[in-house]
Each structure stands twice: as structure tokens, then as C-alpha cells.
Amino acid sequence: MSGAESRLLGRWGEALVAEELRRKGWRLLASGFRCRFGEIDLIAANEKYICFTEVKLRKSDSFAPARSFVDARKQERVRTTASLWLSEHPTSLQPRFDVAEVYAPQGTQTERPRIIYLENAF
């Protein structure tokens, strides 16, 4: 799979999770936020939390669950990036770090991708 195909697949997974969050009443504030420290896939808010979500898409969990690819180094980059975002967008909402696992065995052709959403993942 080329880098462009991989990015397209990742964006597709992020869009699925964003739609799921909207259905649950969350407001999407940003997607694909990038800065010199890293990237945050989705930033969403409800009446209590501002949620920084890392989305991991895999064909299956036969090797390892998708969440296992959010290692300590990645978590630190997300936290640092979130700190910068919060400094630019002050809020009284409580920050939370979530991970969304998307399993799509046939990639974008998967009819019913499975989404597992982990609140307070790190």
C-alpha cells in the first residue's frame, strides 16, 4: 500500500469515527490538527469534555489490538499537541484522551466497519 493510499484509508476511518461522535451529540472542533509537535486525529467537545481522539484503523486485531499501536511515545506527542491546541483555544472543559479502533477487513469497501471507542485511554 502506498503512502497516499494509507493516508486516504486513515482519513476514511477518521471520518467514520467523527460521524459516530456526532451521532452521540459531540461537536467536532477539528480533524487532522497538526503542529510541530505532532498530529491529533479528532478534537471534539460535549458539555463536559474536550476530547482528543487518536484513531487507529486495522484490517483485524489478529496481530494485536489497534490501541496497542498508541505507545508511550505517541501518547506524549498527542498530549503535547493537545497542550498547544488548548493554549490557542482556551476552554473550561475537562480534557480527555481517547482511542478509537476501526476494524475494516476490506478497507473502504467494508460494509460494516467495527468501531471500538475507548474513553480515557491514556
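1. In this predicted model, the side chain of Glu39 makes a polar contact with the side chain of Arg11 at 3.2 Å, and a further polar contact joins the Glu39 side chain to that of Arg34 at 3.5 Å. Glu39 belongs to strand S2, which spans residues 38-45.

2. Glu39 counts as buried, because its relative accessible area is 18% and the cut-off for that class is under 20%. Leaving aside neighbours within four places in sequence, the residues in contact with Glu39 are Arg11, Gly32, Phe33, Arg34, Glu54, Lys74, Val78 and Thr81.

3. The surroundings of Ile50 deserve a separate entry: when residues up to four places away in sequence are not counted, Ile50 touches Leu29, Ile43, Ala44, Ala45, Trp85, Leu86, Thr91, Leu93, Gln94, Pro95 and Arg96.

4. A backbone point concerns Asn120, which has a positive phi of about 50° although it is not a glycine. Asn120 is placed in the segment after strand S5 (114-118), and it is classed as exposed because its relative accessible area is 53%, where the class requires over 50%.

How values were computed:
Residues are numbered from 1 along each chain as its sequence is written. This is a predicted model: local features need pLDDT of at least 70, side-chain atom pairs count only at pLDDT 80 or more; totals for chains, interfaces and linings use all residues. Side-chain values use heavy atoms; hydrogens and water are left out. Helices (H or I, at least four residues) and strands (E, at least two) are DSSP runs, numbered from the N terminus. Buried means under 20% relative accessible area, exposed over 50%, partly exposed in between (1.4 Å probe, protein chains only). A polar contact is a pair of N or O atoms within 3.5 Å; within protein, one must be able to donate a hydrogen and the other to accept it, and residues adjacent in sequence count only if both atoms are side-chain atoms. Contact means heavy atoms within 4.5 Å.
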